[in-house]
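Please find below my notes on the model, as numbered points. They can be read alongside the sequence and the coordinates.

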Amino acid sequence: MANSGIRNGAGIRKQYMAVQKVKNASYKCPSCGSVSVKRVNTGIWKCTHCDKIYSGGAYIMSTPPGEISRKLIKEIEKKKINENK
Ligand SMILES: [Zn+2]
């Protein structure tokens with residue numbers, strides 16, 4: 001079947017949406033404890049509460065929810081590699 005990748009494509013889109021959700025979420029600031037850290041640019045995170053700037057992942061900060069999306073991204077990349085074979 002030539003089009004066996006369609007189902008995988010839908011799964012990736014769903015996971016991509018999950019990553020987008022995590023990317024736009026707020027994270028707890030390690031400095032002031034306020035859940036005000038937002039992604040301002042690729043790998044740059046800023047606390048809107050105390051104005052501290054952190055470097056982190058391109059789409060996620062290193063937090064438990066971040067770990068989940070990191071796993072997701074890894075899985076998406078693995079699927080992409082498999083599809084290119
Ligand atoms: Zn802060």
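1. Ile68 lies in helix α2. The model is a predicted one, and in it Ile68 counts as partly exposed because it has 14 C-beta neighbours inside 10 Å, while burial would need 20 or more. Along the chain Ile68 and Val19 are 49 residues apart, yet a distance of 9.2 Å separates their C-alpha atoms.

2. Is Glu77 buried or exposed? Glu77 is exposed, because 10 other C-beta atoms lie within 10 Å and the limit for that class is 12 or fewer. The C-alpha atom of Glu77 is 9.5 Å from that of Ile12, a residue 65 positions away along the chain.

3. On the overall layout, the chain has two helices and four strands. Read from the N terminus, the order of elements is α-β-β-β-β-α. Of the 85 residues, 12% count as buried. Among contacts between residues at least 6 apart in sequence, 32% join residues at least 24 apart.

4. The four strands make an open sheet with antiparallel pairing, in the order β1-β2-β3-β4. Its edge strands are β1 (27-28) and β4 (53-55), each of which pairs on one side only.

5. Strands β1 and β2 are antiparallel and share two bridges. In this pairing Lys28 stands opposite Val35 of β2. The two strands form a hairpin with six residues between them, and Gly33 in the turn has a positive phi of about 80 degrees.

6. Strand β2 (residues 35-41) runs antiparallel to β3 and is joined to β3 by four bridges. Arg39 stands opposite Trp45 in β3. This hairpin has two residues between its strands, and Gly43 in the turn has a positive phi of about 80 degrees.

7. Strand β3 (residues 44-47) pairs with β4 over three bridges, again in the antiparallel sense. Lys46 stands opposite Ile53 of β4, and Tyr54 in β4 is the bridge partner of Trp45. Which residues of β3 lie on the covered face, and which on the uncovered one? Trp45 and Cys47 are on the covered face, whereas Ile44 and Lys46 are on the uncovered face. In a regular strand the side chains alternate between the two faces of the sheet.

8. The loop between β3 and β4 holds Asp51. These strands form a hairpin with five residues between them. The phi of Asp51 is near 65 degrees, a positive value in a residue other than glycine. Most residues other than glycine have a negative phi. Asp51 is exposed, because 11 other C-beta atoms lie within 10 Å and exposure is assigned at 12 or fewer.

9. On confidence, the chain averages a pLDDT of 78, and 75% of the residues score at least 70.

Key
Residues numbered from 1 in each chain as written. Contact = placed C-beta atoms within 7 Å. Pairing = 2+ DSSP bridges. pLDDT = per-residue confidence, 0-100.
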